Amino acid sequence: MSINRRTDRLGVHSIGEFSMTVPSLKEAQAFYSTFGLDVLGEPGGLALRTHGHPHIWGRLREGAMKKFERLTLHCFEDDLPALKRHIESQGVALLAPPDNAQDPSGLWLRSPDGMLLQVRAGAKTTLDASAHQSPALPVDGAPCAPYRRHAQPVRPTRLSHIALTTGSVSQQADFYIRVLGLRMSDHSGDGVAFLHAPHGGDHHLVALAASAGPGLHHLSWDVPTVDDIGLGAMTMSAAGYKEGWGVGRHVLGSNYFYYAQDPWGSFCEYSATIDYIPASANWKGKDHPPEDSFYLWGPDVPPALFAYSEAGAWA
Ligand SMILES: [Fe+2]
């Protein structure tokens with residue numbers, strides 16, 4: 001068994017990309033650029049990349065309202081036939097690709113919430129081993145912090161996870177686990193669930209949070225250290241993106257965070273040093289009381305964090 005692949009667990013290994021409509025591509029360009037992403041024009045919309053990384057993590061098109069439209073998940077190429085058989089054996093219908101699919105390959109299906117999913121053979125964008133860094137520590141007799149004028153722009157390195165809202169956390173979690181092979185990392189009753197990929201990756205690839213209905217809650221982008229989170233929070237605030245939550249530290253996943261609210265009510269998270277679950281680990285997901293499930297420290301939670309920001313159902 002390769003350390004980065006379980007032969008005893010069939011399932012997707014990574015996020016490929018997402019697509020979303022937003023009310024204004026111009027506002028999107030400004031927000032995601034300020035956040036530290038590379039925002040590139042492409043026919044019909046914008047593509048989101050992390051700096052120095054050729055992978056396109058997200059595609060944005062202009063629409064009447066913000067709507068998270070599609071999630072593409074990647075699997076190993078030689079797992080695709082078995083995944084097809086498995087998905088069908090679970091009573092989930094496979095669909096024709098949508099007419100506007102840039103890449104119609106792989107398998108197309110809908111989650112119980114109606115969100116369109118594509119499972120295709122693709123690059124493993126989850127890490128094959130953890131790569132944690134600490135903020136620089138002082139050396140005796142020398143200053144440690146850089147001068148503020150020398151502070152570098154924050155550049156997220158990769159998309160860590162996507163958090164979706166739903167009217168039924170348990171139903172969605174069951175689908176992602178039973179049909180697509182994700183694993184339960186931790187949950188708190190039916191309030192929130194964190195799922196990881198079986199072939200090595202962050203504590204959560206997909207998070208599910210109870211809300212009034214289905215939609216995007218946040219996109220979480222990995223940065224090296226909590227120092228980058230603080231700098232990112234300051235950058236967003238200075239650019240006029242004042243609404244957010246953090247800096248703080250989560251309990252489940254252990255990551256440091258700052259959530260910047262996007263112009264359409266959902267969030268982009270700066271996340272650092274999230275727990276890593278290697279392929280070799282047999283992680284035991286637990287049910288945690290609410291007070292242990294959310295954050296260890298941080299500012300009071302603003303009501304906007306729980307406001308439902310999506311405009312209705314998918315299907
Ligand atoms: Fe998150």
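How many bridges join strand β9 to strand β10, and do they run parallel or antiparallel? The legends below take this up in a predicted model.

**View 1. Strands β9 and β10 run antiparallel.** Five bridges join β9, residues 183-188, to β10, residues 192-196. His187 has its bridge partner in β10: Ala193. Strands of a sheet pair through backbone hydrogen bonds, either parallel or antiparallel.

**View 2. An open sheet holds 10 strands.** The order is β18-β9-β10-β12-β8-β13-β16-β15-β14-β19, and the pairing is mixed. β18 (286-287) and β19 (295-297) stand at the edges. Each has a single partner strand, so one side of each is left without a neighbour in the sheet.

**View 3. Gly181 sits in the loop between α3 and β9.** Helix α3 covers residues 169-178. Gly181 has 24 C-beta neighbours inside 10 Å; it therefore counts as buried, the cut-off being 20 or more. Beyond its neighbours within four places in sequence, Gly181 contacts Arg9, Leu10, Gly11, Val12 and Pro198. Gly298 lies 117 residues from Gly181 along the chain, and their C-alpha atoms are separated by 33 Å.

**View 4. The whole chain has four helices and 19 strands.** Its radius of gyration is 19 Å, close to the 20 Å that the globule rule gives for 315 residues, so the chain is as compact as a globular protein of that length. The C-alpha trace spans about 65 × 45 × 35 Å along its principal axes. Buried residues make up 44% of the 315. Among contacts with a separation of 6 or more, 69% link residues 24 or more positions apart.

How values were computed:
Residues numbered from 1 in each chain as written. Predicted model: local features only at pLDDT ≥ 70, side-chain atom pairs only at ≥ 80, totals over all residues. Pairing = 2+ DSSP bridges. Helix = DSSP H or I, 4+ residues; strand = E, 2+ residues; numbered from the N terminus. Rg over C-alpha atoms; globule rule 2.2 N^0.38 Å. Buried ≥ 20, exposed ≤ 12 C-beta atoms within 10 Å, placed from the backbone. Contact = placed C-beta atoms within 7 Å.
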